[in-house]
Amino acid sequence: MATSAYPVGVDLEVELRTHGYRVTTARRVVWDVLSAAGDHLTAPSITSRVHAVDPSINGASVYRALTLFAELGLVRESRYEDASTWEPFHDDAAIHLVCSECGQVMHHDTELVPRLRRAIQVATDFAPDEIDVRVSGRCGHCPAESPA
Ligand SMILES: [Zn+2]
Ligand SMILES: [Zn+2]
């Protein structure tokens with residue numbers, strides 16, 4: 001299967017220090033929650049998981065940590081309909097497979113996205129920044145609707 005987990009090996013402390021930021025408790029816990037989830041999480045669900053670890057970290061601190069991580073390229077924010085979800089950064093080659101039944105998001109690595117990027121660059125004078133491919137459908141755990 002070409003579905004992948006997140007790339008491991010990002011050292012939060014090194015990343016933050018390199019850019020002149022300290023590792024605060026809030027930043028550390030938010031990062032741990034994101035890395036452990038291996039999934040897309042909404043800000044409220046990140047906040048509730050953070051609260052389970054340390055109830056003194058409030059929602060504003062969680063949001064500030066997410067914003068900083070996004071600026072540093074450590075997380076990827078996806079806007080789906082009216083909500084944003086967050087996850088550790090991965091490159092565009094991983095496309096999102098979203099189950100419309102249970103909401104699970106899977107990652108599928110495909111060479112097609114880098115090829116699409118090159119095709120756009122060759123055919124147009126448009127410089128692609130982020131390519132975010134999302135495919136909706138039904139995952140293997142959600143049974144097809146049985147005829148009533
Ligand atoms: Zn993703
Ligand atoms: Zn499903």
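This is a predicted model: local features need pLDDT of at least 70, side-chain atom pairs count only at pLDDT 80 or more; totals for chains, interfaces and linings use all residues.
Which residue in strand 3 is the bridge partner of Arg76? I looked it up, and Glu87 is the one.

**Entry: the strands.** Strand 2 and strand 3 (residues 83-88) run antiparallel, and I found six bridges joining them. Next I checked what else belongs to the sheet. It's an open sheet of three strands, in the order 1-3-2, and the pairing is antiparallel. The edges are strand 1 (41-42) and strand 2 (75-80), each of which pairs on one side only. Then I asked what packs on this sheet. Helix 2 (residues 25-37) does, and I saw that it touches strand 1, strand 2 and strand 3. Its direction makes about 85° with that of strand 3.

**Entry: helix 2 again.** I noted the crossing as right-handed. On the helix 2 side, I listed Val29, Val30, Val33 and Leu34 as making the contact. From helix 3 come Ile46, Arg49, Val50 and Val53. Sorting the contact by class, I got seven nonpolar residues, one charged and no polar.

**Entry: the whole chain.** Last, I stepped back to the domains. The domain assignment gives domain 1 as 12-88 and domain 2 as 94-137. How far apart are the C-alpha centres of domain 1 and domain 2? I wrote down 23 Å.

How values were computed. Residues are numbered from 1 along each chain as its sequence is written. Chains are lettered from A and ligands numbered from 1 in the order in which they are written. Two strands pair if DSSP finds at least two bridges between them. Helices (H or I, at least four residues) and strands (E, at least two) are DSSP runs, numbered from the N terminus. Two residues are in contact if their C-beta atoms, placed from the backbone, lie within 7 Å. Axes are lines fitted to C-alpha atoms, for helices over the stretch in contact, and angles run from 0 to 180 degrees between N-to-C directions. Domain bounds come from an automatic or database domain assignment. A crossing is left-handed if the near helix is turned anticlockwise from the far one by less than a right angle, and right-handed if clockwise. Ala, Val, Leu, Ile, Met, Phe, Trp, Tyr, Cys and Pro count as nonpolar, Asp, Glu, Lys and Arg as charged, and the others, Gly among them, as polar.
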